[in-house]
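Please view the sequence and the structure first; the notes follow.

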Amino acid sequence: KMSHYFYIHMFVFMVNSLLGGLIIFLIENHSAVGTPNLNVTYVDAWFLSMTCVSTCGLTTVDFAKISFASQMVMMFLTFISGIT
């Protein structure tokens, strides 16, 4: 009877991770605040944002090497997705 909650839950996870991955990708590769000499692919950015949304802690890129702006986006994703 509560199957609609499952679909809402999955929708929030997917939208947050896809948009978060896009934001991280754009920050790292196409902005002045991104880290020079660090090429982050969209799949890696999506994985980083999904790991923040699901709070599992896995990374494919060294977290210390990405820009502060991307780290703040990931922290925000962790906070807003922790509600679900």
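This is a predicted model: local features need pLDDT of at least 70, side-chain atom pairs count only at pLDDT 80 or more; totals for chains, interfaces and linings use all residues.

**Overall form**
- The C-alpha atoms of the protein chain fill a box of roughly 50 × 20 × 20 Å along the principal axes.
- Of the 84 residues in the protein chain, 31% are buried.
- The protein chain has an accessible surface of about 5500 Å², and carbon and sulfur atoms account for 74% of this surface.
- Among contacts in the protein chain with a separation of 6 or more, 60% join residues 24 or more positions apart.

**Packing of α1 with α3**
- Helix α1 (residues 3-30) and helix α3 (residues 68-81) have axes that come within 9 Å and cross at roughly 170°.
- The two helices, α1 and α3, are therefore roughly antiparallel to each other.
- On the α1 side, the contact is made by Phe13, Asn16, Gly20, Ile23, Ile24, Ile27 and Glu28.
- On the α3 side, it is made by Ala69, Ser70, Val73, Met74, Leu77, Ile80 and Ser81.
- The residues of this contact between α1 and α3 comprise 9 nonpolar, 4 polar and 1 charged.

**Cysteines**
- The structure holds 0 disulfides.
- The closest cysteine sulfur to that of Cys52 is in Cys56, 8.5 Å away, which is too far for a bond, since a disulfide requires sulfur atoms within 2.5 Å.
- Cys52 is buried, with a relative accessible area of 12%, whereas Cys56 is partly exposed, at 45%.

Definitions and conventions:
Residues are numbered from 1 along each chain as its sequence is written. Side-chain values use heavy atoms; hydrogens and water are left out. Axes are lines fitted to C-alpha atoms, for helices over the stretch in contact, and angles run from 0 to 180 degrees between N-to-C directions. Helices (H or I, at least four residues) and strands (E, at least two) are DSSP runs, numbered from the N terminus. Angles under 35 degrees count as roughly parallel, over 145 as roughly antiparallel, 65 to 115 as roughly perpendicular and the rest as oblique. Contact means heavy atoms within 4.5 Å. Ala, Val, Leu, Ile, Met, Phe, Trp, Tyr, Cys and Pro count as nonpolar, Asp, Glu, Lys and Arg as charged, and the others, Gly among them, as polar. Buried means under 20% relative accessible area, exposed over 50%, partly exposed in between (1.4 Å probe, protein chains only). Accessible areas come from the Shrake-Rupley method with a 1.4 Å probe; for residues, only the protein chains shown count as cover.
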